[in-house]
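Visitor: I'd like to learn how to read side-chain and helix geometry from a model. Could you walk me through it?

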Amino acid sequence: MVENDWRTVVAWLRQLCAGPTPEQRTVAKALAVQLGARTPVPVAAALLRAQLRLPLSLPAPRPIGDAELDYLQNLAGEVGLRIPGIDAINDRDTLDAWIMVARARQSIAHLRRLKPEVGDVVVTVDRQTTAHRHRQLASLSRTGRLNFRGGRGGRTWPQFVTRVVKPASSEYPEVMRLVAEELAASDKHPELVSDSDLRRLAPWKVERTAGMAARVTLRDAIMTAAEERPLQVVLERHPEMLAQVVSGNHGTWVRPQVQFGNHYMADFLIAARTSMGLRWTLVELESPTKRLTNASNGKASPTLRHAVDQIEDWRAWLTANLAVARSPREEGGLGLPGITADARGLIIIGRESVEDSGRGPRELLFTRNRIEVRTYDWLLKAVSESHPLGWGLLEQEVGWDDEDEPF
């Protein structure tokens, strides 16, 4: 049962810690069981169950260990709870009842400290990373537990809360932004987007394959361009060429010039939907005249390293701004449903060359960074081969994500 007022929860917990209920006194009298005037409700219930164990064929008492007794003694000392001697606690049912009382007193103390109200932002500390975590309070359970908005079973106990931020606080807008970002990051299946999300992507949906005009235009640009801008223009006019790079048998969308914050601009983002959901690819274009590797040592060229840095910068921005990235554009977001901070990267650079194959750097980037490196000749091959829309050359070469086939 949930409540909206912490005072109501405190009152209920205090009643739990108080003496036996009238019903418990009646049963105790009938069984000739002595219950103290201050015996807490859970403990009284445990004592009555012990008396009824044989008549009702209840399970035999479960033994307890020294570590469990130590836990109760430490907890009781922390909350100022007087417990009977260890000899009087001889089974786990009674032990658990006293622990319940101690935890109730603990919750009472921290609820009074925090005074949490629905809508507050609750701040906790991750015990593994020591990072602060932010969630918005949705309700309180009668046990004292705090329940969070956003689903996925988010909850905590008040003793683990560092502080709460009230809606009237000047920092509330910022912590609410953190709430949204952390919820987005905790989504285990962001690729399962809604139909409304897909409708918002409609302006960028590609529903045709590349024709001769597109292929010839691309070939001419590759042959004449000294930098990447002419290729950007061609691919913006013919997004179907990039759509044929990835597998999206349930739909493919190509968005040009997507700005991440104030400092980063992705050349293209490709969204491809398969039976596994929507997957994004971050595309960075470089000049067709640039090398993949240094002629002197075969390592990644400065241009290729710069392209890798670009994609990693986009991913870093996404890590801190996932909720903004996924939110609809009309709500101030980027309208990139299901995108993740580790989205696959694709760099298109240079031309095919035996002396500049870049095999080593390519394999290393794929293994370490999930970044594919391809040439403009490869892109021409992808748009020239006769494959139906939805069959991507990239997946044919590197395998299907999550063993998902395009058909």
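**Charges, helices and overall shape**

Visitor: Which ring does Arg 374 lie over?

Guide: Look for NZ of Lys or CZ of Arg within 6 Å of a ring centre and within 35 degrees of the ring normal. Here Arg 374 sits over the face of Trp 378, 5.6 Å from the ring centre. Arg 127 does likewise with Phe 160, at 5.7 Å. Mind you, this is a predicted model: local features need pLDDT of at least 70, side-chain atom pairs count only at pLDDT 80 or more, and totals for chains, interfaces and linings use all residues. Numbering starts from 1 along each chain as its sequence is written, and side-chain values use heavy atoms, without hydrogens or water.

Visitor: How many helices and strands does the protein have?

Guide: Take DSSP runs, H or I of at least four residues for helices and E of at least two for strands, numbered from the N terminus. That gives 15 helices and 12 strands. The protein is more spread out than a compact globule, because its radius of gyration is 31 Å, well over the 22 Å the globule rule gives for 407 residues (C-alpha atoms; the rule is 2.2 Å times the number of residues to the power 0.38). The C-alpha trace spans about 100 × 45 × 40 Å along the principal axes.

Visitor: At what angle do helix 8 and helix 9 pack?

Guide: Helix 8 (residues 212-224) and helix 9 (residues 229-237) pack at about 175°, axes 9 Å apart, so they are roughly antiparallel (over 145 degrees; under 35 is roughly parallel). Thr 217, Leu 218, Ala 221 and Ile 222 of helix 8 meet Leu 231, Val 234 and Leu 235 of helix 9 (heavy atoms within 4.5 Å). By class, that contact has 6 nonpolar, 1 polar and no charged residues (Ala, Val, Leu, Ile, Met, Phe, Trp, Tyr, Cys and Pro are nonpolar, Asp, Glu, Lys and Arg charged, the others, including Gly, polar).

Visitor: And how do helix 11 and helix 13 cross?

Guide: At roughly 10°, with axes coming within 13 Å, so they're roughly parallel. Their contact has 4 nonpolar, 1 polar and 2 charged residues.

Notes:
Axes fitted to C-alpha atoms, helices over the stretch in contact; angles between N-to-C directions. Parallel < 35°, antiparallel > 145°, perpendicular 65-115°, else oblique.
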